[in-house]
Structure formats: structure tokens, C-alpha cells
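Me: I'd like to learn how to read this fold from its model. Can we go step by step?

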Amino acid sequence: MFKLHHIDIWINKIEESIKFYELLGFSKIKEIDNKEQNKKIILMELDDLILEMKYHYENKCIHNKANCNDNKVFGLSVKDIQKSIGHIKSNNLTNEKINIKEGILGQQYFLIHDPNGILIEIIEEK
């Protein structure tokens, strides 16, 4: 049901990070600059894996009030987001409220935490 879709990291050095991952074979597919939300997002791709790099202009993370460099997220894709929610609930994988949102690529997604507090983003394949 689930397969690896993307990895989300927060970075301090934009150009150095882009060059580093390009040298590893990634290609930049999109860059979004949103100073109002205190971030720039760079999406890079290697085969079927997307690397989502976030740069914060100020070290204040609006959404979760964490240090911007502490974020660890990986994304899993599913064919049916509602079915995945049913699977998560029926197996008691979280007691968090699941809120479906639309991502920057136009896909529906939601977030849950694993037992260690690491964010897992479940995203529906297009």
C-alpha cells in the first residue's frame, strides 16, 4: 500500500545544497520562494524519489515552533488516501486528528508522527 515518495530536509545553505545533490544525480524540478511564510522550497528528483529542501529566512518555524534545522520528514505515497487513512485508524497507528491538505504539487496529503516523533507525510499519487 505504501511506497517511499519523498524526503524532506531543512537546509541552511541553498546553493551548496543544490550543487551537492546535483552531483549525486538529482535534478531541480521546482523552486518556490515564499518570504511571507519564511521559507524557500527547492524540489529535486532522482528516479522516482523527490527531495524537498526547505530554507528558512529566519530560524523561526511558523507551523511547529521547532528549530528549523530539527525537522525530519519522509513521505510515503499511496494510490488511495482514504484507504490509507482507514488502514492507519484500523491498526491504531496514531491518535492524532488526520487533516487532508493539498500540497505544492497539487496532491492531497496528511501528516502523522511515528512513535519517535518523526513526521510521516502520506501523499496520494496522481
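Me: In what order do the elements of the chain run from the N terminus on?

Reply: This is a predicted model. From the N terminus, the order is β-α-β-β-β-β-α-β-β-β. That gives two helices and eight strands.

Me: Which strand pairs with β2, and in what sense?

Reply: Strand β2 (residues 27-34) pairs with strand β3 (residues 39-46). The sense is antiparallel, over seven bridges. Ser 27 stands opposite Glu 45 in β3. Four residues lie between β2 and β3 in this hairpin. In the turn, Asn 38 has a positive phi of about 65°.

Me: How should I read the buried residues of a helix?

Reply: Start with the general idea. An α-helix has 3.6 residues a turn, so residues three or four places apart point the same way. Now take α2, residues 81-90. Its buried residues are Ile 81, Ser 84, Ile 85 and Ile 88. They sit on the same side of α2 because they cover an arc of only 105° around the axis.

Me: What covers the buried residues of α2?

Reply: The cover includes β5 (72-78), β7 (108-113) and β8 (119-124).

Me: Which exposed residues does the face of α2 turned away from its buried side carry?

Reply: Lys 83 and Ser 90.

Me: What should I look for at the ends of α2?

Reply: At the start, look at Asp 80. One of its side-chain oxygens comes within 3.0 Å of the backbone nitrogen of Gln 82. After α2 comes Asn 92, with a positive phi near 50°.

Me: How much of the chain is buried?

Reply: Of its 126 residues, 37% are buried.

Technical notes: Residues are numbered from 1 along each chain as its sequence is written. This is a predicted model: local features need pLDDT of at least 70, side-chain atom pairs count only at pLDDT 80 or more; totals for chains, interfaces and linings use all residues. Side-chain values use heavy atoms; hydrogens and water are left out. Buried means under 20% relative accessible area, exposed over 50%, partly exposed in between (1.4 Å probe, protein chains only). Two strands pair if DSSP finds at least two bridges between them. The arc is that of the directions from the helix axis to the C-beta atoms. Contact means heavy atoms within 4.5 Å. A polar contact is a pair of N or O atoms within 3.5 Å; within protein, one must be able to donate a hydrogen and the other to accept it, and residues adjacent in sequence count only if both atoms are side-chain atoms.
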